[in-house]
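Try each one before you read the solution.

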Amino acid sequence: MSVATTTLPELERTAPVRHRPALSYELFPARSDVSFERLRETITQLEATAPDYVSVTSRTGHGNLGRVLELTEHVLAETSLRPLVHLTSIGSTRAQLTTIIHALLDRGVRGLLALRGDQPDGHRLEDDEIPFARPLIELIRDIERERTAGLAGGRVSVGVAAYPHRHPESPTISHDTEVLVAKERAGADFAITQVFFDPDVYTRCLDRSHAAGVRLPLVPGLVPATNPRRLQRLAAMSGVEPPRELLHQLELAAEETERRRIGIRFTVDLARRVLDAGAPGLHLFTFNQHAEALDVLDHLDLDRWSTTSQGDAR
């Protein structure tokens with residue numbers, strides 16, 4: 001009896017196949033119908049680069065859940081993109097989070113980013129509130145097990161945050177590594193780092209994590225460093241200061257074109273260095289603007305973002 005076979009181009013290659021790095025973008029829900037129309041155009045432009053997913057942010061306590069669902073449903077229904085929806089545990093009860101997770105799975109979401117979220121000043125935990133990302137991951141996995149048949153035996157992809165710099169509330173950077181270990185053991189699949197501006201900070205984070213036994217892919221989160229005011233706001237929120245020399249150059253730039261050239265050059269250099277150090281991909285914080293993110297990709301080796309053909313593994 002003859003067996004029909006299908007030839008895969010990959011099987012005909014004599015050179016090793018080089019897998020492309022992961023590519024993803026962060027988006028936040030629109031605040032109005034007008035800004036949602038602008039966001040739709042940004043999504044269209046980003047979709048053309050064939051990212052692996054786009055993350056959809058959510059406010060602490062899910063106070064903007066309606067807008068989160070609006071953006072998520074648009075991505076699912078109108079694009080080829082896969083959404084990674086942020087879940088924050090602070091400000092929501094276990095029952096509320098359970099309802100939200102089921103609602104997202106019902107809509108076709110298969111990627112969740114499990115976060116504690118920013119703790120408001122003076123916040124006191126409710127009895128049924130989940131205080132950290134680890135038990136939120138466990139809740140997601142519990143719901144996944146309940147719905148295995150409906151998910152066709154598949155799994156939900158669960159991402160978490162990683163901190164190349166010490167978390168502002170953490171006693172030590174070693175504690176941050178221990179937290180990442182706990183997240184992986186709870187069922188996390190990958191991590192996206194918070195912003196950083198020094199490639200050595202990322203490589204040290206990799207080294208610490210690997211030494212502690214972490215095997216999660218640590219995807220570096222990068223911001224196109226073109227807007228000095230935005231960088232200063234990020235520093236105020238995260239405690240991570242951008243390089244003074246970069247800020248100085250941006251502020252002295254005579255025009256917007258020059259400022260953009262300086263910031264893109266810095267970001268491209270940072271991206272190349274972390275990729276060369278072993279980063280599994282890039283996650284770009286877009287602030288719902290596509291032009292700067294596309295500039296970064298345009299100035300990288302674009303072959304990184306396309307599959308090789310004809311046995312080419314340059």
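**Exercise 1.** At what angle do helix α2 and helix α3 pack, and how far apart are their axes?

*Solution.* Keep in mind that this is a predicted model. Start by finding α2 at residues 33-47 and α3 at residues 65-78. The two helices pack at an angle of about 35°, and their axes are 12 Å apart. Next, look at the handedness: α2 passes α3 in a right-handed crossing. Finally, list the residues that meet: α2 brings D33, F36, L39, R40 and I43, while α3 brings R67, E70, L71, H74 and V75. By type, the residues of this contact are 5 nonpolar, 1 polar and 4 charged.

**Exercise 2.** In what order do the 9 strands of the open sheet run, and which strands are at the edges?

*Solution.* Reading across, the order is β7-β6-β5-β4-β3-β2-β1-β9-β8, with parallel pairing. The edge strands, β7 (218-219) and β8 (221-222), each pair on one side only. Now zoom in on one pair: β1 (residues 22-27) and β2 (residues 53-56) are joined over 4 bridges in the parallel sense. Within this pair, E26 has S55 in β2 as its bridge partner.

**Exercise 3.** Is H86 buried or exposed?

*Solution.* First place H86 in strand β3, residues 83-88. Its relative accessible area is 7%, so H86 is buried, the cut-off being under 20%. Then check its surroundings: beyond its sequence neighbours within four places, H86 contacts E26, S55, V56, T57, S58, H62, L113 and L115. With one of these, S55, the H86 side chain makes a side-chain polar contact of 3.4 Å.

Methods:
Residues numbered from 1 in each chain as written. Predicted model: local features only at pLDDT ≥ 70, side-chain atom pairs only at ≥ 80, totals over all residues. Heavy atoms only, no water. Axes fitted to C-alpha atoms, helices over the stretch in contact; angles between N-to-C directions. Left-handed = near helix turned anticlockwise from the far one by under 90°. Contact = heavy atoms within 4.5 Å. Nonpolar A, V, L, I, M, F, W, Y, C, P; charged D, E, K, R; others polar. Buried < 20%, exposed > 50% of the residue type's maximum accessible area, 1.4 Å probe, protein only. Polar contact = N/O pair within 3.5 Å; in protein donor to acceptor, adjacent residues only side chain to side chain. Pairing = 2+ DSSP bridges.
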